[in-house]
Amino acid sequence: MSNEQLPRTVLPIPDRAHVGLTTYDAKDPDTKYPPIELLRPPKGAPNFLVILIDDVGFGATSAFGGPCYTPNIDKLAKNGLKYNRFHTTALCSPTRQALLTGRNHHSVGMGGITEIATSAPGYNSILPNTVSPIARTLKLNGYSTAQFGKCHEVPVWETSPMGPFDAWPTGGGGFEYFYGFLGGETNQWYPALYEGTTPVEPDKTPEEGYHFTDDMTTKAINWVRQQQALMPDKPFFMYYAPGATHAPHHVPAAWADKYKGKFDHGWDRLRDDIFARQRDLGVIPQDCQLTQRHAEIPSWDSVADDMKPVLVRQMELYAGFMEHTDHHIGRLVDALQDLRILDDTLIYVIIGDNGASAEGTLQGAYNELAPLTGFPDLESPEFMKAHIDKLGGFEAYNHYAVAWAHAMDTPFQWSKQVASHWGGTRNGLVVHWPNGITGKDEIRQQFHHVIDVAPTLLEAAGLPEPLFVNGVAQMPIQGVSMAYSFNDAGAAERRETQYFEMAGNRGLYHKGWTAVTRHRTPWLTGGVKLPAFDDDIWELYDTNTDWSQSRDLSKQFPEKLHELQRLWLIEAVKYNVLPLDDRFAERANSELAGRPELIKGTRQLLFGGMGRLTENSVINFKNKSHSITAEVVVPEAGAEGVIIAQGGLIGGWSLYAKEGKPKYCYNFYGVEQYYIEGTSRIPAGQHRVRMEFAYDGGGLARGGLVSLFIDGVKCGEGRVERTEPIAFSADETCDVGFEAGSPVTHDYGKRGPKFTGEVNWVEIDIGTAAINLDYLITPEQRLGLAMARQ
C-alpha cells in the first residue's frame with residue numbers, strides 16, 4: 001500500500017501482513033513481494049519550523065512597532081503574514097503544552113508552571129495518554145522531528161537523570177532529537193544542557209564567547225543539514241524555543257550598547273512612540289486607544305534621577321537580548337535558504353509565550369530569584385547602582401523593571417500572568433510559507449489562540465487528526481486550523497469563543513466581547529492577601545469597537561457581563577479549570593500541593609560523579625538544621641576542589657577543599673557570601689569531612705552556626721546570617737566531586753575545580769546538628785544495623 005493510501009487515524013499505522021502466494025524457494029519465479037516503502041507523509045507535505053520566543057510583549061519587536069530591532073523577523077513578515085489577534089495562555093508551561101498538543105492548557109494538566117503542580121487534574125502537569133503531542137503524531141506519519149531550546153513541560157519529579165523520560169522531548173514527546181534545557185529559564189552563560197536525556201556541558205566558557213542561543217542555533221543548523229543530506233525526501237518538524245528573552249537578560253555587552261541613549265526618555269515616552277509606530281505599520285487599527293498606565297506603576301518623571309541610569313541599562317540589555325535572538329533566528333532561516341527548502345517550509349514565529357514579564361519588581365532586579373522567592377527589597381537602590389556594570393554579564397541574573405514590561409505590551413493593559421487582559425495573552429505572530437501563501441506583507445485580523453497551531457500543521461501536511469494513538473482513544477483536538485485565513489484576509493474567523501485563566505486571573509472572549517477580572521498582580525509576591533474569587537471585580541469590553549480593551553462597559557451593560565461570566569464558567573467546567581487555585585507558597589510545597597516527591601525521608605546518600613541533580617532531585621533541607629558528611633580519598637599532593645555543591649553564582653552552597661583545608665561557602669542570592677574555613681588540612685588517605693548547620697529557627701530564611709569536622713574532630717566554625725528559604729535557582733544543579741553550571745564561590749574566580757582525589761559518597765542528613773554514633777559508621781553498616789534491629 002502506498003503512502004497516499006495509508007489509513008492514518010490509528011497510530012502507529014498498523015503493519016499489514018503479506019497476502020498472496022508464499023513460495024518455498026525465493027528463486028521460484030512466482031516469488032513476488034512488493035518493495036519496502038519507507039513511511040512518509042502524503043505527497044506535498046511541507047517542512048515545519050515553529051519558533052517560540054520567550055517572554056515578549058506585543059509591542060517589543062520592530063515587526064509590531066517596538067524598539068527592539070528584529071530585521072530577520074521583519075523579513076519573514078515582509079514575505080508572509082502578520083497576525084495581530086493571536087493569543088497565548090499568559091504563562092510559559094501552559095502555553096507550551098497547549099502549543100504542542102492543540103488542547104487547552106487545563107485539558108492537558110498544565111494550569112500553571114510545573115513547579116507549582118497540584119493533584120487537581122487541570123493542574124497536575126501530567127500529559128494525559130489520551131493526548132498525542134503534535135511531534136509524536138507527525139513522527140508516526142513519517143516526519144523527522146527535533147526540538148532545540150527550552151522544555152518546560154516535564155513534571156518536576158521526573159527531571160532527574162533517572163527520568164522516567166516519558167514526558168521528555170525524546171521520550172514520549174515525539175522528538176527524535178533534543179538539545180536544550182528543562183525548566184522555566186536558564187543561565188545563558190552556564191546552561192544546564194541535555195542532548196536527548198544525557199547531560200552535556202558547553203564546549204567553551206563564557207570568557208571564550210559561549211552563549212546558549214548561539215550554541216542551540218548551531219546545533220539546529222547542523223541537524224537540519226544532516227537531515228537534508230541523508231533524508232531529503234522526508235519532511236521535518238523543528239521546534240526552536242530559545243530561553244531568550246526570559247530573564248535573566250544575558251547578552252554580550254556589544255548588543256546592548258547598540259541601544260545607548262535610546263531609552264533615556266523613559267517608559268512613558270517609549271509607550272507613546274511604540275503606539276505611534278504601531279499605527280503607522282497598521283498592526284493596530286487607526287481608532288485604537290492607548291490604555292492608561294496603571295496606578296501601581298510609577299511614572300518616569302517620579303523616578304529618582306540617580307536610579308534612571310540603572311533602569312535605562314535594564315532596557316538596553318533587554319533590547320539587545322531581543323535583537324541578538326533575532327540574529328540567531330536569521331542564521332537558522334538563512335541555513336534553510338542555503339538548502340533551498342525555505343519556500344517549502346511553513347514557519348510560525350510566535351513572538352512570546354505570554355506577554356512581557358513584570359516579575360522583576362518596580363526597580364528591576366540584579367538577581368530575579370530574590371523577589372520571586374520573597375526578598376523583593378533585598379537589592380537596595382544603592383546596591384543596584386553599584387552593580388550596574390555587571391548587569392547582563394556572567395555574575396548577574398538580571399531582570400528589568402515592571403514599567404519596561406508594561407511598555408513592551410503596548411497598547412494593552414497588564415502583562416505576563418494576567419490572563420484576563422491582552423497584555424498577558426496577545427502576542428505577535430508571523431507566518432511564512434511562500435509555497436502555500438500567496439500574500440506578501442499582509443496582516444490577518446482573525447482571532448486565534450495557540451491551540452490552533454497544531455491543527456494547522458496537520459491540515460498543511462494533509463494529515464487527519466488521529467483517533468487512536470498507541471492503542472488509546474484520543475481526546476479531540478480543541479484548536480481550529482488557521483489555514484483558511486492564509487489566502488483569504490477577509491475570511492470569517494473560526495474561533496469565536498476562548499476562555500483564559502491563570503492564577504485566578506480570568507477572562508472570556510466571545511464574538512468580539514470580553515469579560516475579564518484581574519485577581520492578582522504579578523510583581524507582588526510573598527504573603528499577599530487576595531480577595532475571594534466571588535469578590536473579584538469584572539470588566540467588560542467590546543473589542544469590535546475597542547481593540548485594546550480601554551473602555552470598561554460593565555456598568556452600561558450588566559446583562560452582557562453576566563452572560564459572559566456564565567459562559568466563562570461553562571467553558572471552565574468543560575476544560576478542567578475548576579477548582580480555581582490562587583495559592584503560591586502552598587503550591588511550592590510538594591506535600592501541601594499533593595504532587596509526588598522524588599526524595600523522601602530525612603537522609604539521602606549520593607555518590608561521587610553524580611551530577612545534574614535538580615533541586616527536586618535532592619532532599620530539601622532549607623530552613624532546617626542539617627549535616628553534610630563526605631567520605632573522601634585524598635592524594636599525597638593534598639586535597640583541592642569541590643566535594644559537593646548545589647546552586648551557583650546567584651545562590652547556593654559548596655563544601656570544598658581549599659589549599660588542603662575543608663571550606664564551606666553559603667551564597668545568599670549572589671548578594672552576600674559567607675565563608676567558614678577549617679584550620680586543619682585533610683590528611684592523605686581515606687577520611688570523613690563533615691559540615692554541620694545548626695539552624696537558628698524562628699521562621700524561614702534564618703541563619704545558623706556552621707561547624708566543620710575532619711574525622712569527627714572540629715576544625716572550624718562560623719556564622720551564616722541568613723539563608724534562602726525556597727529555591728536557589730531554576731536551573732543550577734547539585735554535583736558530587738565537581739561543579740557544573742556557574743560557580744557558587746568566588747574563591748576560584750571561575751567554576752570550582754574537580755576534587756583532586758575521590759569522593760566515595762556524601763550523605764545529607766536533616767535535623768542532625770550534633771555528632772552522633774551513626775556518623776562513625778558507614779551508610780552500608782547503618783543499613784545493616786537497622787535491619788538487625790527489626
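In what order do the six strands of the open sheet lie? The order is 19-29-20-25-26-27, with antiparallel pairing. This is a predicted model, in which local features need pLDDT of at least 70, side-chain atom pairs count only at pLDDT 80 or more, and totals for chains, interfaces and linings use all residues. Residues are numbered from 1 along each chain as its sequence is written, and side-chain values use heavy atoms, without hydrogens and water.

**View 1. The open sheet of six strands.** Strand 19 (603-607) and strand 27 (713-722) are the edge strands, each pairing on one side only. Two strands pair if DSSP finds at least two bridges between them; strands are DSSP runs (E, at least two residues) and helices likewise (H or I, at least four), numbered from the N terminus.

**View 2. Strand 20 (residues 626-634) beside strand 25 (residues 685-695).** The two pair in the antiparallel sense over nine bridges. Ala630 has Val689 of strand 25 as its bridge partner.

**View 3. Trp267 and Trp404 as an aromatic pair.** Their rings are edge-to-face, 5.2 Å centre to centre with 80° between the planes. Rings of Phe, Tyr and Trp (its six-membered ring) pair if their centres lie within 6.5 Å; planes under 30 degrees apart count as stacked, over 60 as edge-to-face and the rest as tilted. Trp267 belongs to helix 6 (residues 267-281) and Trp404 to helix 10 (residues 402-408), 137 residues apart. Trp404 counts as buried because its relative accessibility is 0%; buried means under 20% relative accessible area, exposed over 50%, partly exposed in between (1.4 Å probe, protein chains only).
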